[in-house]
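Grab a pencil and work through these exercises one at a time. Try each task yourself before you read its solution.

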Amino acid sequence: MKMVAPWTRFYSNSCCLCCHVRTGTILLGVWYLIINAVVLLILLSALADPDQYHFSSSELGGDFEFMDDANMCIAIAISLLMILICAMATYGAYKQRAAWIIPFFCYQIFDFALNTLVAVTVLVYPNSIQEYIRQLPPNFPYRDDIMSVNPTCLVLIILLFISIILTFKGYLISCVWNCYRYINGRNSSDVLVYVTSNDTTVLLPPYDDAAVNSAAKEPPPPYVSA
């Protein structure tokens with residue numbers, strides 16, 4: 001009996017909308033690339049015109065600066081790094097280079113871990129939500145409506161929302177991982193074909209080696225995948 005690793009049971013070549021995992025990874029990389037490009041444009045415009053993102057006390061009930069120059073430069077550097085990672089993932093999935101997808105996969109794992117920590121924080125410290133809402137400006141949209149909600153119900157709603165996000169992110173992680181396995185399997189030159197018949201396993205050599213060894217004879221028929 002052949003032992004199968006638990007994670008191989010969830011391996012699939014298709015993802016959402018019945019498209020291939022390679023196509024899904026390309027679309028996901030392009031989507032993240034567009035989002036980070038838009039964020040980078042916003043940060044550059046804020047760096048060029050800082051007054052545009054400074055709100056007066058009449059607007060927020062106190063002086064509030066969106067971001068200082070040091071944090072702005074850090075955010076721009078992170079956006080550039082994310083654009084590079086997303087571009088690598090898109091190129092790697094398109095050109096079938098598995099190593100180029102690894103940075104994007106690591107970013108997905110890191111993002112999933114951060115969202116999990118947020119869910120644990122909300123679950124362990126439910127009062128922190130109310131304290132955070134109280135610190136919002138008085139004219140913040142729907143601030144009073146949120147404050148009027150029962151604290152227990154508010155925690156449950158936030159946990160449900162975070163759970164949906166985590167489920168979706170986990171599905172995207174599985175799509176990228178399956179794409180990596182698919183490309184890595186196709187690019188492997190040492191893949192051997194097994195044919196099982198009557199409880200007998202026959203190991204076939206690579207087709208190129210079989211064709212060279214039998215050059216004097218009639219070349220073997222092309223292998224057909226089962």
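**Exercise 1.** Which residues does N187 touch, not counting residues up to four places away in sequence?

*Solution.* Before we start, note that this is a predicted model, where local features need pLDDT of at least 70, side-chain atom pairs count only at pLDDT 80 or more, and totals for chains, interfaces and linings use all residues. Residues are numbered from 1 along each chain as its sequence is written, and side-chain values use heavy atoms, with hydrogens and water left out.

Step 1: find N187 in helix α7. Helices (H or I, at least four residues) and strands (E, at least two) are DSSP runs, numbered from the N terminus.

Step 2: look for contacts, meaning heavy atoms within 4.5 Å. N187 touches Q96 and R97.

Step 3: check the distance to A98, which is 89 residues away from N187 in sequence but 8.5 Å away in space, C-alpha to C-alpha.

Step 4: how open is the spot? N187 has a relative accessible area of 43%, so it's partly exposed. The cut-offs are under 20% for buried, over 50% for exposed and in between for partly exposed (1.4 Å probe, protein chains only).

**Exercise 2.** Find Q96 and say what stands out about its phi.

*Solution.* Step 1: Q96 sits in the loop between α3 and α4.

Step 2: its phi is near 60 degrees, a positive value in a residue other than glycine. Most residues other than glycine have a negative phi.

**Exercise 3.** Describe how helices α3 and α4 pack.

*Solution.* Step 1: the axes of α3 (residues 69-95) and α4 are 7 Å apart, at an angle of about 125 degrees. Axes here are lines fitted to C-alpha atoms, for helices over the stretch in contact, and angles run from 0 to 180 degrees between N-to-C directions.

Step 2: name the arrangement. Under 35 degrees is roughly parallel, over 145 roughly antiparallel, 65 to 115 roughly perpendicular, and the rest oblique. So α3 and α4 are oblique to each other.

Step 3: list who meets whom. From α3 come M82, I85, C86, M88 and A89, and from α4 come P103, F104 and Y107. The contact has eight nonpolar residues, no polar and no charged ones. (Ala, Val, Leu, Ile, Met, Phe, Trp, Tyr, Cys and Pro count as nonpolar, Asp, Glu, Lys and Arg as charged, and the others, Gly among them, as polar.)

**Exercise 4.** How many salt bridges are there, and which residues form one?

*Solution.* Step 1: apply the rule, a side-chain nitrogen of Lys or Arg within 4 Å of a carboxyl oxygen of Asp or Glu. The count is one salt bridge.

Step 2: the partners are K169 and D111, whose closest N and O atoms are 2.6 Å apart. This pair links distant parts of the chain, with K169 in α7 (residues 151-187) and D111 in α4 (residues 102-124), 58 residues apart.

Step 3: check the surroundings. Both K169 and D111 are buried.

**Exercise 5.** Is Q108 buried or exposed, and which residues is it in contact with?

*Solution.* Step 1: Q108 belongs to helix α4. With a relative accessible area of 5%, Q108 is buried.

Step 2: leaving aside neighbours within four places in sequence, Q108 is in contact with L28, L172, I173 and V176.
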